[in-house]
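Let's take a walk through a protein fold together, one piece at a time. Have the sequence and the 3D view ready, and follow along as we go.

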Amino acid sequence: MAAWVEGRVIERIEWTPTLFSLRVAADLAPYKAGQFTKLALQRGDQRVQRAYSFVNPPGTPYHEFYLVEIPDGELTPSLGALQPGDELLVYSQGTGFLTLDELPAGRDLWLLSTGTAIGPFLAMLADGEAFERFENLVLVHGVRKGEELSYQGLITSLVDQYGPRFHYVPFVSREEWPDAISGRIPAAISDGRLQARVGLEFAAEHSQVMICGNPAMVKETQQALLALGLAKNLRRTPGNVSAENYW
Ligand SMILES: Cc1cc2nc3c(=O)[nH]c(=O)nc-3n(C[C@H](O)[C@H](O)[C@H](O)COP(=O)(O)OP(=O)(O)OC[C@H]3O[C@@H](n4cnc5c(N)ncnc54)[C@H](O)[C@@H]3O)c2cc1C
Ligand SMILES: NC(=O)c1ccc[n+]([C@@H]2O[C@H](COP(=O)([O-])OP(=O)(O)OC[C@H]3O[C@@H](n4cnc5c(N)ncnc54)[C@H](OP(=O)(O)O)[C@@H]3O)[C@@H](O)[C@H]2O)c1
């Protein structure tokens, strides 16, 4: 039965002063790559809880979460203070529909993210299943500053393992950064810079697109893709574009 369980931080990864990952030991029910659960801290008789995506693929001996500390946030400053050995509450049942089994067949899978929302896509890529179902995989990550392009080690290992089938495209919006596209994702779809960089086009016949992150980005990216002839992927009417908002 789903319930809140005790978790213990076993490792912390510092990416920048505000970006960090927590590896947590907790006894959770099986979940799918792309799903999320809830983390919480008890404050007196109040449990302060928020949703967080699994970054690790299923079957990993720990659960990993990638977080940004929101300066005035209610929970993240406290999660950001956790150290190895500290305890927190974890909801035992993962949930969410941003998973590969919700997608129709296709040739190319585009994974478009901003900020910490790269996490669920890393779980899908590390899991290997995405590479079994699709020929070409494109991971797009939009951040404000180049130092926020986290998880470069894992991304490099995917490049090494899958070669030209895997494309990684960083976007940096608030400074020039080597190899990154400047600006925002929807604009680069509308003017074709993203497609030109990857060497693939968006097409209803063979593209599947997953979008995750900042809700304004999700909305504008969907609009840009619908203008190119793609359709939203709904259970009752399969299409090309699936999305999850982080707030
Ligand atoms: C399905 C789902 C999965 C999520 N997974 C993650 C995750 O893996 N990692 C993660 O860091 N957050 C994730 N979030 C967001 C998370 O649940 C919290 O909203 C976030 O950590 C802020 O909590 P807070 O109490 O500190 O801030 P609050 O006091 O609740 O303030 C919320 C405000 O912070 C900003 N904000 C919230 N989340 C983010 C974010 N991720 N990046 C940038 N700005 C943000 C927005 O302006 C939002 O209005 C997810 C949300 C959803 C709905
Ligand atoms: N990232 C940091 O350096 C930092 C540091 C301390 C605190 N925080 C806090 O964390 C929160 C934001 O974190 P974040 O930078 O991870 O997330 P974010 O604000 O969602 O920005 C991530 C990326 O999404 C882009 N974006 C925003 N709106 C978009 C839209 N409508 N369409 C397309 N792209 C869009 C941003 O571009 P633009 O740059 O053009 O907006 C940026 O490249 C804020 O509460 C902030 O105060 C962040």
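Start at Leu137, whose bridge partner in β9 is Phe166. That pair belongs to a set of seven bridges that join strand β8 (residues 136–143) to strand β9 (residues 166–172), with the two strands running parallel. A quick word on the names: helices (H or I, at least four residues) and strands (E, at least two) are DSSP runs, numbered from the N terminus. Two strands pair if DSSP finds at least two bridges between them.

Before going further, keep in mind that this is a predicted model, where local features need pLDDT of at least 70 and side-chain atom pairs count only at pLDDT 80 or more, while totals for chains, interfaces and linings use all residues. Residues are numbered from 1 along each chain as its sequence is written, chains are lettered from A and ligands numbered from 1 in the order in which they are written, and side-chain values use heavy atoms, with hydrogens and water left out.

Now zoom out from that pair of strands. Six strands form an open sheet, in the order β10-β9-β8-β7-β11-β12, and the pairing is parallel. β10 (181–182) and β12 (241–245) stand at the edges with a single partner strand each, so one side of each has no neighbour in the sheet. Helix α4 (residues 152–162) packs on this sheet and touches β8 and β9, and its direction makes about 150° with that of β9. Touching here means contact, that is, heavy atoms within 4.5 Å. As for the angles, axes are lines fitted to C-alpha atoms (for helices, over the stretch in contact), and angles run from 0 to 180 degrees between N-to-C directions. Helix α7 (residues 215–227) packs on the sheet too, touching β7 (108–114), β11 (207–213) and β12, and its direction makes about 160° with that of β11.

Next, which residues are closest to ligand 2? They are Arg144, Glu148, Ser173, Arg174 and Arg184, out of 20 residues that surround the ligand (a residue counts if one of its heavy atoms lies within 4 Å). Look for polar contacts, which are pairs of N or O atoms within 3.5 Å; within protein, one must be able to donate a hydrogen and the other to accept it, and residues adjacent in sequence count only if both atoms are side-chain atoms. A polar side-chain atom of Arg184 sits 2.8 Å from an oxygen atom of ligand 2, and a polar backbone atom of Val143 is 3.1 Å from an oxygen atom of the ligand. Taken alone, ligand 2 exposes 870 Å², and the protein buries 78% of that (accessible areas come from the Shrake-Rupley method with a 1.4 Å probe; for residues, only the protein chains shown count as cover).

Ligand 1 has 18 residues around it, the closest being Ala51, Tyr52, Tyr66, Leu75 and Thr76. A polar backbone atom of Leu75 is 2.8 Å from an oxygen atom of ligand 1, while a polar side-chain atom of Tyr246 lies 3.3 Å from an oxygen atom of the ligand. Of the 870 Å² that ligand 1 exposes when taken alone, the protein buries 75%.

Finally, head to β1 (residues 4–14). Five bridges join β1 to strand β6 (residues 87–91), running antiparallel, and Arg8 stands opposite Glu87 in β6. A hairpin of four residues leads from β1 to β2.
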